[in-house]
Amino acid sequence: MDLRKVWKLLCGRRAVSVVVSNVILTGAVIAVSFTVLLWAQYRSSAYNKQFSEAMDADIAKLKERLAFEYAFYNQSGSKLSVYLMNCGTIDNMTIQTVYVSNSTSVKVFSSINLTNFNGVEIADQDLDRGEEGCFVLSSLSLQAGTYTLRIITGRGSTFDHTFVA
Amino acid sequence: MTIRLSLRKRSRKLIANSKGFSSVIGTTFMVLVMMFLSTSVFLWTLSQNTLYNEALRARNQEEADRRNENVVALSGNYSVSGEDVTVKVVLKNAGSVASQIINLWVLDTDPSNRRYANKSLNLNLNPGVVLDLVTSSWLTVTIPGANANHTFTSWFVTARGNTIPLEKEQGVIVAQLAQGIGSLALDFYKFRYFEYESATKLKNYPNGNVGFTVPANQYIAFGCSLTNLDPGKQAIVFDPHSLLWVIVPTSDVPHSTWWYIVNVVQDGTINATYSPISLAYGETKMIIFASANDLGLSSFSRQTTPKAGLPAPVFLLLHGNIGGIAYGQNLPFVSLYFA
């Protein structure tokens with residue numbers, strides 16, 4: 001193409017509006033497409049995060065395991081002493097709620113104070129792997145019989161134990 | 001205009017027409033975006049599921065290990081001194097996985113003193129290992145108000161969270177002992193005799209021939225399964241004067257034959273000299289009687305059985321010491337027939 005023709009093309013006015021409109025339209029479509037891509041990625045990453053958290057929580061729950069070493073009810077003092085050990089594979093096991101029940105009644109305790117077996121309070125109030133701990137439920141008036149002790153951990157796991165009052 | 005020409009014209013018009021170009025780009029982008037997002041979400045979800053499955057597998061393995069843990073606490077007993085309660089026990093790992101015992105709990109079950117105590121332990125038991133803590137005072141806890149007349153319950157806790165109850169030893173059943181006298185019991189069903197492979201070697205040792213009809217006029221040795229059931233729980237040691245005595249009553253004058261105690265090595269060879277055999281409390285051993293001479297006084301020589309066609313009673317004349325104090329016991333009641 002010689003220079004004359006190039007000059008003619010640049011200076012020619014015919015169909016300019018069609019080219020411009022097409023460029024604008026294409027640009028707008030690409031811009032919208034990228035916006036849609038970013039929005040979709042944002043939404044999917046939010047979903048990923050939510051799913052990942054739920055999965056991590058499930059895995060952590062799966063790793064929790066609590067062993068009941070002994071549960072002793074002191075009739076005269078109306079106290080139940082429960083001795084536990086974290087025999088799972090995850091640290092920081094906390095105790096959220098404790099239920100003491102039999103066929104006729106349920107008692108709920110949500111303020112649990114964890115101590116070592118020697119009575120010293122556990123500073124972080126949780127049980128790490130292999131750690132032993134104990135808590136005492138006071139003012140617990142139980143009739144003689146078999147009771148179920150249910151412990152709900154901070155991660156939502158449930159552990160049951162039966163004892164005789 | 002032919003149909004062919006018309007189609008070509010339409011095709012050129014379609015290609016040359018720029019209308020709808022942006023829609024094509026938009027659609028292409030949308031398809032790419034959708035494919036990219038769905039693929040990445042799918043792969044990521046797959047990886048999360050793998051993580052969960054891995055955690056589940058680990059959990060199942062732990063559960064299987066926990067169930068396979070099988071430690072038994074046998075021969076349990078308690079020794080009480082003041083308020084100190086010592087647990088005497090034999091721990092045996094009868095399972096297929098190694099086990100760590102981390103805690104011992106002892107409970108005084110007496111209604112007047114329902115108290116308990118625990119002791120932290122760190123005992124590692126490989127499969128098949130037997131840990132005898134009967135004579136040890138290591139497992140001692142202090143229970144305020146405890147005394148020897150109280151009854152106790154105890155259990156061990158493993159690192160996997162299993163509890164092992166102590167199986168309290170059965171008291172000695174008097175009928176297990178010869179008429180309730182003496183501290184040694186003989187298992188009649190394991191009484192056996194041995195023929196000789198050579199001058200000093202027993203044939204088919206230690207199985208021998210279980211039975212009460214013994215070949216006559218032959219070099220024979222006898223094996224008796226003895227258990228120490230001493231109520232004082234002391235070890236019994238046999239000296240070389242212990243013997244198995246056979247009386248032949250079917251003649252005007254009773255005749256006797258005897259077989260002195262000997263030491264036999266694994267392959268059935270009888271030692272020329274005798275070293276005292278010790279039997280711990282609760283232990284059962286096969287004691288061999290083979291020598292015509294007391295090995296404390298003379299050398300080993302084989303003994304022959306009486307002639308055929310004779311029934312004869314057998315007495316075990318056991319001599320030695322119990323807990324360091326001189327002891328002797330005669331165990332009767334086996335009878336033999338020489339054929």
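Buried residues make up 26% of the 339 residues in chain B, where buried means that 20 or more other C-beta atoms, placed from the backbone, lie within 10 Å of the residue's own. Keep in mind, everyone, that this is a predicted model: local features need pLDDT of at least 70, side-chain atom pairs count only at pLDDT 80 or more, and totals for chains, interfaces and linings use all residues. Residues are numbered from 1 along each chain as its sequence is written, while chains are lettered from A and ligands numbered from 1 in the order in which they are written.

Staying with chain B, we have 2 helices and 21 strands; these are DSSP runs numbered from the N terminus, helices being H or I with at least four residues and strands E with at least two. Of the chain B contacts with a separation of 6 or more, 68% come from residues 24 or more positions apart, a contact being two C-beta atoms, placed from the backbone, within 7 Å.

Now to the interface. Here 26 residues of chain B are in contact with 29 residues of chain A. On the chain B side, helix 2 (21–68), strand 3 (99–108) and strand 4 (116–125) each supply at least two residues, and helix 2 gives the most, with 17 residues.

Over in chain A, 4 strands form an open antiparallel sheet in the order 4-3-6-7, with pairing taken as at least two DSSP bridges between two strands. Its edge strands are strand 4 (106–109) and strand 7 (158–164). Strand 6 (residues 146–153) is joined to strand 7 by 7 bridges, and A:Arg150 has A:Asp160 of strand 7 as its bridge partner.

Technical notes. A residue is buried if 20 or more other C-beta atoms lie within 10 Å of its own, exposed if 12 or fewer, and partly exposed in between; C-beta atoms are placed from the backbone.
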